[in-house]
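Here are my notes for someone opening this one for the first time. Have a look at the sequence and the model, then read on.

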Amino acid sequence: MITIESLTKRYGTFSAVDNVSFSAQPGRVTGFLGPNGAGKTTTMRVMVGLTEATSGHVHVLGRPFGALPNPGREVGVLLDASAQHAGRTGREILTIAARTMGLPKQRVEQMLDRVSLTEEESGRRVRNYSLGMRQRLGIATALLGDPEVLILDEPANGLDPAGIRWMRDLLRDFADQGGTVLLSSHLLHEIEVIADDIIVIGNGRIVAGGTKQELLASTGTLARAAEPVVLSRALEAAGIVTTVADGAVFADADLATVGRTAFAAGIPLTELRTADGAGLEEMFLELTAESQRDSLTVLEGAVA
Amino acid sequence: MTTATMTPAALDGSAPVSPRRERAVPDPIPFTRILGVELRKMFDTRAGFWLMASIVIASVIATALTIILGNRDDLTFDTFAASVGSPMSIVLPMIGVLAVTSEWSQRTALTTFTLVPSRGRVIGAKLVNVLVIGAVSMLLALGVGAVGNLLTSAITGSDPVWDIPAWTFAQIVLANELGMLLGFALGLLFRNSPAAIVGYFVVNLVLPGLSGALASSQEWWMDNAGWFDLNQTRFLLFDSSLTNQEWVQLGLTSMLWIVLPLAVGLRLVMCSEVK
């Protein structure tokens with residue numbers, strides 16, 4: 001369980017994180033989605049005490065991270081897989097972490113096995129690791145202390161498709177056993193396939209949050225017919241709110257209802273699909289488009 | 001809306017969240033464990049290992065050179081101590097610098113401070129390790145020097161001369177520990193290996209020259225430099241017994257050059273962002 005309340009981090013006049021509040025629940029994978037530079041990493045760094053918040057606070061398992069007696073045993077953290085001494089072997093890095101946490105030696109072997117790093121690879125210096133191998137080593141370090149909470153910053157970076165699949169299953173498993181998972185990504189698809197809950201952040205502020213189903217649910221149906229006005233009238237008659245734009249009818253109802261109503265009215269449809277007006281993807285694209293940055297306030301209004 | 005707390009509820013309200021097995025709150029990490037881990041980290045890379053090994057290697061080379069090149073009839077323990085002491089006075093402060101800066105240069109601080117959020121404990125453990133390594137290294141170096149002294153007497157057939165009293169030895173150790181502390185403090189202050197190393201050599205090699213130049217033109221500085229210049233009194237530790245005033249000067253200059261940067265550096269480490 002992670003709770004973030006009114007978290008703000010300012011650098012001079014620039015707000016990297018601006019009044020962010022959300023929580024990550026046990027038993028669920030929470031995806032932290034946002035374009036590069038949106039404030040995901042800063043938020044996660046504050047979470048684990050590497051960066052001090054300007055205001056607000058973060059509680060992990062009911063207390064500030066710094067108050068955890070042996071954090072590695074309760075919270076697994078992977079912020080930057082490349083932040084390792086290039087001259088240490090993978091096994092040595094795990095051994096140091098295991099010693100710090102007070103874990104038996106066998107735990108290192110178990111974890112190497114769990115992330116599929118071979119005996120030979122574990123004896124190699126990290127300088128010679130691919131990004132994917134570093135990522136696996138980082139995940140091994142995070143899982144080492146058998147934690148209750150996982151905080152992972154872009155863990156899929158550098159993993160091949162099979163690796164991403166493997167990690168997805170691993171995190172699913174972890175959450176299904178009652179663990180809390182918070183992972184960030186700048187890729188909507190990645191979050192879509194893995195997360196139960198999604199928090200979207202842009203320019204340091206949260207712009208959307210909820211379960212995946214809620215956020216991905218389309219906002220309505222788009223239908224086209226030879227005469228849009230006739231179709232619109234027929235739908236309105238059935239009590240469906242519609243708007244006509246660009247020769248298409250946007251109806252506030254699901255596909256089946258619109259299709260059935262049109263059929264009943266004897267109107268042949270030329271197109272029938274879910275409207276992607278204010279969907280997550282649209283919103284996310286707007287967030288990522290550099291030119292849209294300054295019109296964010298408009299967007300937030302739309303989301304609210 | 002951005003201020004609202006978002007707590008996504010389970011979809012059907014009855015999501016079967018199997019409670020994770022009851023967990024006991026783990027015991028706090030004891031300081032001795034941090035000490036052990038930090039010590040291991042000083043040896044477990046090639047660079048770290050050879051830096052440590054260089055203590056022994058440098059002592060052996062210095063001793064061998066002294067026997068080969070020195071006038072064997074005049075060699076005493078003091079000669080050997082001086083020759084093994086000079087590489088120590090360079091290697092040991094580097095160990096002090098790198099013990100701190102490698103965390104930042106290699107970015108391992110990210111993991112270190114995530115596993116032990118109390119940064120003061122980590123720095124404290126590093127400091128203890130550095131001081132212990134300093135003392136042990138000096139004993140080792142002196143041991144190698146002693147072997148050299150015995151060897152020489154075996155070669156010349158005369159009795160070995162042991163002319164270093166315990167207090168001189170203690171002073172030499174102190175002088176080297178101060179050098180290590182200075183390196184450690186600069187490491188904390190800069191958190192960057194090249195900057196801290198250059199800083200150390202500026203303080204140790206450039207400043208004495210400047211101070212000397214100033215003293216030759218400024219009478220006041222010549223008389224009073226001891227109150228400001230750490231090196232002046234620290235170097236005295238190597239071969240003379242200090243007067244009371246010199247001890248006070250050593251204490252004061254240590255405050256200025258070691259304790260002050262140590263305190264400022266510690267403060268910076270405690271509240272700076274770990275990138």
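Is Arg107(B) buried, partly exposed or exposed? Arg107(B) counts as partly exposed, because it has 18 C-beta neighbours inside 10 Å. (Buried means 20 or more other C-beta atoms within 10 Å of a residue's own, exposed means 12 or fewer, and partly exposed is in between, with C-beta atoms placed from the backbone.)

Before the points, some ground rules. This is a predicted model, in which local features need pLDDT of at least 70 and side-chain atom pairs count only at pLDDT 80 or more, while totals for chains, interfaces and linings use all residues. Residues are numbered from 1 along each chain as its sequence is written, and chains are lettered from A and ligands numbered from 1 in the order in which they are written.

1. Back to Arg107(B) for a moment. You'll find Arg107(B) in the loop between helix 3 and helix 4 (109-115) of chain B. (Helices are DSSP runs of H or I with at least four residues, strands are E runs of at least two, and both are numbered from the N terminus.) Arg107(B) isn't a glycine, yet its phi is positive, near 60°.

2. Ser116(A), a non-glycine, has a positive phi of about 55°. Ser116(A) sits in the loop between helix 3 (106-114) and helix 4 of chain A, and it counts as exposed because it has 12 C-beta neighbours inside 10 Å.

3. Asn128(A) has 11 other C-beta atoms within 10 Å, so it is exposed.

4. Now for strand 3 of chain A (residues 29-33). Five of its five residues are buried, so the strand is largely enclosed by the rest of the structure. Val29(A), Gly31(A) and Leu33(A) cover one side, and Thr30(A) and Phe32(A) the other.

5. What does strand 3 pair with? (Two strands pair if DSSP finds at least two bridges between them.) Strand 7 (residues 180-185) of chain A is a parallel partner over five bridges, with Phe32(A) opposite Ser184(A). Strand 8 of chain A also runs parallel to strand 3, joined by four bridges, and there Phe32(A) has Ile199(A) as its bridge partner.

6. The largest nonpolar core has 131 residues, and Ile151(A) and Val200(A) have the most contacts inside it. (Such a core is a set of buried Ala, Val, Leu, Ile, Met, Phe, Trp, Tyr and Cys residues joined through C-beta atoms within 7 Å.) Helix 3 (residues 77-105) of chain B gives the largest share of this core, 13 residues. Another core, of eleven residues, lies apart from it and includes Ala225(A) and Phe250(A).

7. Finally, the two chains meet through 51 residues of chain A and 41 of chain B. (Contact means C-beta atoms, placed from the backbone, within 7 Å.) On the side of chain A that touches chain B, helix 2 of chain A gives the most, with six residues. That side divides into 18 nonpolar, 22 polar and eleven charged residues. (Nonpolar covers Ala, Val, Leu, Ile, Met, Phe, Trp, Tyr, Cys and Pro; charged covers Asp, Glu, Lys and Arg; the others, Gly among them, are polar.)
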